[in-house]
Amino acid sequence: ADAPAPWPATDQSMRYPIVLLEPQDERNRRAISYDMFSEPVRRDAMQRAAASRRLAVTAPIRLVQEDSGAPQSGVLLYLPIFHDEGVAAIPGAGNGTVMGFVYAPVRVGDLVRRVLSTAPAPDVTVAVLDAAEGGLPIVASDAVPAGAMTVQVMVGAGDRQWQLAISETRPLGMLQDPGLYVLLLGL
């Protein structure tokens, strides 16, 4: 079957519609032909990826695939494909024309839940904030009990910085144990 025309309408001179998204389930089919360049947050990351010739990550956004049931914030990772040089050409190489992007949507809330469900399951909650956007929440934290310890750490996420706030769900002082701290960051 032919793909639908790119959507939504845009005033941009270039279009980058989604042409393939795996798995090909109902959730992902909703995104086919969506013109990612039509939206400013996505466009910004795509332009940064093309200019730097490296992976770029969006600020927190609502993914096109999310339904109205329980939408969560996510981010998109973009890697440019150059007409004459392929994927992610060496920085400083030629003036290759961008012909498209390899991209991946990441549901950060699902990622955090998956990490925290890994054995041994720590008694912590994690909030993820986009530091470049003034602490814009990507994943909100559950309520942190009074007296519970919170550790904050900055991590690189592509070309962005995220602030993780790891808090105990019970005030036990667990986060004072360096071994647990290393385990959490490793996960």
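**Helix, sheet and rings**

Reply: Let us begin with a helix against strands. Helix H3 (residues 108-116) lies across strand S6 (124-130), S7 and S9, and its direction is at about 150° to S6. Please bear in mind that this is a predicted model.

Me: In what order do the strands of the open sheet follow one another?

Reply: A sheet is read strand by strand, from one side to the other. Here the open sheet has 4 strands in the order S7-S6-S9-S8, with antiparallel pairing. Its edge strands are strand S7 (136-139) and strand S8 (150-157), each of which pairs on one side only. From one strand to the next, the twist averages 30°.

Me: Over how many bridges do S8 and strand S9 pair?

Reply: S8 and strand S9 (residues 160-168) are joined in the antiparallel sense over 8 bridges. To follow a bridge on the model, take Gln152, whose bridge partner in S9 is Ala165.

Me: I turn now to the aromatic rings. How many aromatic pairs are there?

Reply: The count comes to 5 aromatic pairs. A pair is described by the distance between ring centres and the angle between ring planes, and planes over 60 degrees apart count as edge-to-face. The rings of Trp7 and Tyr34 have centres 4.9 Å apart and planes at 70°, so this pair is edge-to-face. The pair links distant parts of the chain, 27 residues apart: Trp7 belongs to the segment before helix H1 (26-29), and Tyr34 to the loop between H1 and helix H2 (40-52).

Me: Is Tyr34 buried or exposed?

Reply: Tyr34 has a relative accessible area of 8%; it is therefore buried, since the term applies under 20%. Trp7, at 35%, is partly exposed.

Me: Which arrangement do the rings of Tyr78 and Phe101 adopt?

Reply: Their centres lie 5.8 Å apart and their planes stand at 80°, so Tyr78 and Phe101 are also edge-to-face. Tyr78 is in strand S3 (residues 73-82) and Phe101 in strand S5 (residues 98-106), so the pair ties together parts 23 residues apart in sequence. Both Tyr78 and Phe101 are buried. Together with Tyr16, Phe37 and Tyr103, these two residues form one aromatic cluster.

Me: Where does the charged end of Arg43 sit?

Reply: A charged group may also be located relative to a ring. The charged end of Arg43 sits over the ring of Phe37, 5.8 Å from its centre. Arg53 lies over the face of Phe82, at 4.1 Å from the ring centre.

Definitions and conventions. Residues numbered from 1 in each chain as written. Predicted model: local features only at pLDDT ≥ 70, side-chain atom pairs only at ≥ 80, totals over all residues. Heavy atoms only, no water. Phe/Tyr/Trp six-rings, centres within 6.5 Å; stacked < 30°, edge-to-face > 60°. Helix = DSSP H or I, 4+ residues; strand = E, 2+ residues; numbered from the N terminus. Buried < 20%, exposed > 50% of the residue type's maximum accessible area, 1.4 Å probe, protein only. Lys NZ or Arg CZ within 6 Å of the ring centre and 35° of its normal. Pairing = 2+ DSSP bridges. Axes fitted to C-alpha atoms, helices over the stretch in contact; angles between N-to-C directions. Contact = heavy atoms within 4.5 Å.
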